[in-house]
Amino acid sequence: MEQIGAGGGSRWSLRRWPAMVKLGLLLVLYGVQGLPFGLQVKTLPIILRKEGMSLSSISFMGVLSLPWLVKLLWAPFVDKYYNPTIGRRKSWILPCLLFSGVVSFSATIITSTEYVLFVIFMLNLAASIQDVATDSLAIDILSNEEDLALGNAAQVVGFKIGMILSGGLVPWIFSQNPRIGCFGMIGIIDVGAAILLALYNEKAQSLAVKDENKLIVSKRTFSQNLYAVYSGINHTLHQPSMRALLLLLFSYKAGEVMADAMFKPFLLDEGVDAESVSLWTGVIGSAFSIVGSIAGGFLSGKFTSRTTFLVFAVLRIFAQLGRAILALREITDDMSFPIIALISFEAVTGGVVTTAVFTMMMMQCHATNASSSENTATYYTSLTTVEIVGKSTASIFAGTLADIVGYRVFFIVTTMLSAVPLLVMESIKQRAA
């Protein structure tokens, strides 16, 4: 985004804001996006399991995150259509926040299970659209490797703070009625974030870029423009150097996500009370995950994202192995500390790995000069879509596999899956110092 010309408005240009203010803005926006996800993957399984739902049915609730899998479909719209008066990215983010706030408040009034699932789906839809615009905003304002690393730390940390609130802290506080507590909190935060964003005076693209866009549009139909965008990105993604990265994005979270999805039902089935499970996994685990994400941003900036990934992906395998060992033993009342320690260790290693991978994605975006094109949102979204498809696929089939083989074999399988990304990473060369 260019600087505003001479005048009082220039001091509000995002590029002139202190670095920490940029990171704070991203932290808030990504935090809002983490609210429905934390509710779905952490709080909802506990609620549904207490209502007697099977593990297969619980894992099938992963379909509620379908909008995240297909967000590439609307990424070109986010790139091409906006109100210059409001701002290129703000034109999409602001309506999504307001919509999420309204539907969240409605779920505090209509509390049937069917309607709650519908609202979670709609929140995921709004968050997935907002994510496309927020990712593009991040790429607009982050220019070097250190900024990218810290920006991705803010992204992951913000998202996980949202997950802590809706996936652990609020359900723990409102343990008697977690549904109303979570949806009320999400509505308040969404509206508050919308008010904050309304105070931010975003600028549209430069006059030269807008004029160039008008020239292109005048010579092509909408379908031709859409085809040109996707064909160009498809060509880039099919380059030999990209294949290993795409495989990494698809596989690096599979074992961890599957184990996470079934670890909470496992603890419940072993006799641990729901309040403790929410506190351990939703609050303590997420807090340590934030520590890992911050460390991942620092380490990826100081060293390289590839080196950071390799070291902590190995440590993550030991964390997954700990779950397998735990499943082989009988859970007793004096095992609270070892379980919390295991959850914390896994959360730190997973947080570092995630931040390192997201840094690699944004570095790839800069390396292909996508950040200076009109297709920033679409290109970056194509990478994140592969990552989301991999996680969602693993989550959907986790319950079915656990039902078939049992917890003991299941956690051994997830440990083995966590080792696969290490083999893939060996073939990836760091494209930016």
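1. In this predicted model, confidence in the chain is lowest in helix α9 (residues 207–219), with a mean pLDDT of 38, and highest in helix α5 (residues 90–106), at 94; pLDDT is the predictor's confidence in each residue, from 0 to 100. Helices here are DSSP runs of H or I with at least four residues, strands are runs of E with at least two, and both are numbered from the N terminus.

2. The mean pLDDT of the chain is 79, and 82% of its residues reach 70 or more. Residues 1–16 stay under 50, and the model has 37 contacts for them beyond four places in sequence, a contact being heavy atoms within 4.5 Å. The pLDDT is also below 50 over residues 204–219, a stretch with 16 contacts beyond near neighbours in sequence. Where pLDDT is low, the predicted coordinates should not be read in detail.

3. On conventions, residues are numbered from 1 along each chain as its sequence is written, and side-chain values use heavy atoms, with hydrogens and water left out. Local features need pLDDT of at least 70 and side-chain atom pairs count only at pLDDT 80 or more, while totals for chains, interfaces and linings use all residues.

4. The secondary structure of the chain comes to 16 helices and zero strands. Of the 433 residues, 56% are buried, that is, under 20% relative accessible area, with exposed meaning over 50% and partly exposed in between (1.4 Å probe, protein chains only).

5. The largest nonpolar core has 55 residues, and those with the most contacts inside it are L248 and F309; such a core is a set of buried Ala, Val, Leu, Ile, Met, Phe, Trp, Tyr and Cys residues joined through side-chain atoms within 4.5 Å. Helix α15 (residues 336–367) gives the largest share of this core, ten residues. A second, separate core of 29 residues includes A261, W280, A394 and F411.

6. The axes of helix α14 (residues 305–327) and helix α16 (residues 376–425) come within 8 Å and cross at roughly 170 degrees, where axes are lines fitted to C-alpha atoms over the stretch in contact and angles run from 0 to 180 degrees between N-to-C directions. The two helices are therefore roughly antiparallel, a term for angles over 145 degrees. Among the residues making the contact are F309 of α14 and F411 of α16.

7. V132 lies in helix α6 (residues 113–141) and counts as buried because its relative accessibility is 0%. Leaving aside neighbours within four places in sequence, V132 contacts K71, W74, A75, V78, A377 and T381.

Conventions: Parallel < 35°, antiparallel > 145°, perpendicular 65-115°, else oblique.
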